[in-house]
Amino acid sequence: MEYPDRFQVIVIGGGHAGTEAALASARSGARTLLLTHNIETLGQMSCNPAIGGIGKSHLVKEIDALGGAMAKATDLAGIQFRVLNSRKGPAVRATRAQADRIRYKAAIRGMLENQPNLTLFQQGVDDLVVENDTVVGVTTQTGIRFMADTVVLCTGTFLGGVIHIGLDHHAGGRAGDPPANALAQRLRALPFRVDRLKTGTPPRIDAKSVDFSRLERQPGDTPLPVMSYLGSREQHPRQVDCHIAHTNERTHEIIFANLDRSPMYSGVIEGVGPRYCPSIEDKVHRFADKTSHQVFVEPEGLDTHELYPNGISTSLPFDVQLQVVRSIEGLENAHITRPGYAIEYDFFDPRDLKHSLETKFIHNLFFAGQINGTTGYEEAGAQGLLAGINAARRAQGESLWWPRRDEAYLGVLVDDLITMGTQEPYRMFTSRAEYRLLLREDNADLRLTATGRELGLVDDHRWSAFETKRDKIEKESARLRATWIQPKTEAGQRVAEKLGQPLAREYSLMDLLRRPELGYADVASLKGEAVGDEPVAEQVEIEAKYEGYIARQQDEIDRLRRHEATPLPESLDYARVEGLSNEIRQKLEQARPQTLGQAGRISGVTPAAVSILLIHLKKRR
Ligand code: FAD
């Protein structure tokens, strides 16, 4: 049958990409349908119960700045919060939260159910309806046809999913869920490049069988961090500790002795696994000289005894998993509640996508999440948001939007994927961004919320909170610039004490804040009143301390943008351009771009390489 109501956007898959896509599309005002296998698994965390971390929290905060769900759900579900790299510079600081799996899912479902313009329907999708290279609808397992202007595919690890435990394997989308095989076959018949990747998860353990006195305690941070720009500490549920355990030589012996029973080492799995989240058998094999690896023992939630031993993801047979777990100090009597496993699945080469995440071959069809070769909830959520925005805009006849690399990690993520593709599950790192100092997790709202408002994604409540914060930052910075401290006054003496030397002349509070020895709390109330608002104070301090570096990065961006149309001479001999890698040189020689802008858009030609070309052109003149 054909469903009587027509939609503007259909999103397939209720994981992290699909839920952000559906919410963003509906927030943009498009009539949206979210079709998923099972409404009970909306927003399910397939693997570790944690959100954020290095590089990833930047994406979460960007999703939040554009009105998305992930950070808000994390504040409602987070049972332990920490700021990683807190002693390093602000560019690499990252908030990470341990999330209660059930509370997280409930928070996401609540937002979906209460979102105007959004309809949910539980059923697997088997087919796409394509006419003249344009998608016009989808067909479900029971033959219901839903028609729409655009379709967003967010099917995660489900396409052609095969689960491996030791040498046994069976079809599955993740443990307990069916794969999406009919849809996988349909997609393989379209002109997209397709390949296999794999990822894995550790066995889960019953906390009642663990001796915590033998593990190292790892408490959360005080004061408690918050994930969403609109979030507050009061929203967090009860906070709990994590623990740290260690593998040992005995653990590694067990793994070595059983490698022939590992599907990866016996050649049963062909897909490439995540380099930065390797299985324990990979770690032991790759770093054979290491006698121990850390295992973070993380609670799965407040209402369960299940633990997630982060660091021992494995696809070894169950009997070996049990020996491995029980060889670890504190886990000698551990009971495994669910075996670990690996999953292999189809992903589509993201070089077949445009920046908007629309596919190049089928109009109005968008891909987002693990289907594009990424790994991680945050990477999936960020792509989902972007694809949802653009699917809605296309349906509404609006121009498509995407952020540049210098505006957002989301810009870096999409640009990396569509220009370079990926041979292994792609995860975000701060090192992937050229302009790290501009793209901090603390300023994602200042970078993106105004754009989000223009795109219709940011509601009045968020907008008013944002405007208040932005005004306070401007006012406080202006106050610090205009307030002067004289050496011989009481305030001057107080600063001198902190600095360990007298002030040589009059300084503004802003001048003082730039000094490495002084923080906002030291200078702000020397004269006048400090703002009581932590995020405002943090922003004022970071902008002051890193002003020079930030201005330099901004100059570089402006310079590159100005030179977008600069012609590259036809006679240019790339072999003579110093500093280019051989790979980039070859690509430029093959493509022979006409302008610097075109050069920068060639797959694999980095902004650094464009800078080198620019310098070379200047030298030639
Ligand atoms: P998913 O979260 O997989 O969601 C896909 C959704 O689509 C599901 O709701 C599914 O039911 C639905 N769906 C699929 N096909 C259809 C269809 N035809 N019709 C209707 N609905 C459909 N990430 C890490 O960062 N680190 C890790 O170590 C890690 N390990 C993992 C281990 C395992 C075993 C698994 C399964 C995943 C792991 N991940 C890991 C990945 C992480 O779970 C994903 O990156 C993230 O969930 C991807 O989000 P997504 O929205 O793209 O897909």
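**Helices, hairpins and a sheet**

Author: Let us start with a pair of helices: the axes of helix α12 (residues 460-482) and helix α16 (residues 534-545) come within 9 Å and cross at roughly 50 degrees. Axes are lines fitted to C-alpha atoms, for helices over the stretch in contact, and angles run from 0 to 180 degrees between N-to-C directions. This is a predicted model, in which local features need pLDDT of at least 70 and side-chain atom pairs count only at pLDDT 80 or more, whereas totals for chains, interfaces and linings use all residues. Residues are numbered from 1 along each chain as its sequence is written.

Reader: Which residues of α12 and α16 meet?

Author: Two residues are in contact if their C-beta atoms, placed from the backbone, lie within 7 Å. On the α12 side these are K469, K472, I473, E476, S477 and L480, which meet P535, V536, Q539, V540 and E543 in α16. By class, this contact has 5 nonpolar, 2 polar and 4 charged residues. Here Ala, Val, Leu, Ile, Met, Phe, Trp, Tyr, Cys and Pro count as nonpolar, Asp, Glu, Lys and Arg as charged, and the others, Gly among them, as polar.

Reader: At what angle do helix α2 and helix α3 pack?

Author: Helix α2 (residues 56-65) and helix α3 (residues 70-77) pack at about 110 degrees, with their axes 7 Å apart. That makes α2 roughly perpendicular to α3. V60, K61, I63 and D64 of α2 make the contact with M70, A71, K72 and T74 of α3.

Reader: How is a strand read, and which strands pair with β10?

Author: In a regular strand the side chains alternate between the two faces of the sheet. In strand β10 (residues 162-165), V162 and H164 on one side and I163 and I165 on the other are all buried; a residue is buried if 20 or more other C-beta atoms lie within 10 Å of its own, the C-beta atoms being placed from the backbone. Two strands pair if DSSP finds at least two bridges between them. β10 pairs in the antiparallel sense with strand β11 (residues 168-171) over 4 bridges, and I165 has D168 as its bridge partner. Strand β19 (residues 341-348) also runs antiparallel to β10, joined by 3 bridges, with A342 as the partner of H164.

Reader: Where is a positive phi found in the hairpin of β10 and β11?

Author: This hairpin has 2 residues between its strands, and G166 in the turn has a positive phi of about 60 degrees. The hairpin of β7 and β8 likewise has 2 residues between the strands, with N132 at a positive phi of about 50 degrees.

Reader: What is the strand order in the open sheet of 3 strands?

Author: The order is β3-β5-β4, with antiparallel pairing. The edge strands, β3 (50-52) and β4 (78-84), each pair on one side only.

Conventions:
Buried ≥ 20, exposed ≤ 12 C-beta atoms within 10 Å, placed from the backbone. Parallel < 35°, antiparallel > 145°, perpendicular 65-115°, else oblique.
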